[in-house]
Amino acid sequence: MKLSIYGKGCKKCDQLTANAQTAAEALGLTVEIEKVTDMNAIIDAGVMHTPALGVDGEVVIEGKVASAEELATLLRA
């Protein structure tokens, strides 16, 4: 599973990355986490508000830092 964190690399982006890693570990998932900081790539992905999270190329969270619990529920589905 590939997770993409979209944002400029701010504290919120770092927290979303940490929460995604925690959720994946809690579920026993092997994930590749990619940080997308290029504004053109972020816009091309359709992201209007950062931070955002993409799962296997589909943006599923935008404009907020989801908790590890929220992300675990999302990744479980």
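The model is predicted, so local features require pLDDT of at least 70 and side-chain atom pairs count only at pLDDT 80 or more, while totals for chains, interfaces and linings use all residues. Residues are numbered from 1 along each chain as its sequence is written, and side-chain values use heavy atoms, with hydrogens and water left out.

I begin with the cysteines. The structure holds 0 disulfides, a disulfide being a pair of cysteine sulfur atoms within 2.5 Å. Cys10 is in no disulfide, and its nearest cysteine sulfur belongs to Cys13, 3.4 Å away. Cys10 is partly exposed, with a relative accessible area of 34%, whereas Cys13 is buried, at 3%. Here buried means under 20% relative accessible area, exposed over 50%, and partly exposed in between, with a 1.4 Å probe and protein chains only.

I turn now to the helices, which are DSSP runs of H or I with at least four residues, numbered from the N terminus. Helix H1 (residues 11–27) packs with helix H3 (residues 68–76) at an angle of about 55°, their axes 8 Å apart. H1 is therefore oblique to H3, as angles under 35 degrees count as roughly parallel, over 145 as roughly antiparallel, 65 to 115 as roughly perpendicular and the rest as oblique.

Which residues of H1 and H3 meet? With contact taken as heavy atoms within 4.5 Å, those in H1 include Leu16, Ala20 and Leu27, and those in H3 include Leu71 and Leu75.

Definitions and conventions
Axes are lines fitted to C-alpha atoms, for helices over the stretch in contact, and angles run from 0 to 180 degrees between N-to-C directions. Helices (H or I, at least four residues) and strands (E, at least two) are DSSP runs, numbered from the N terminus.
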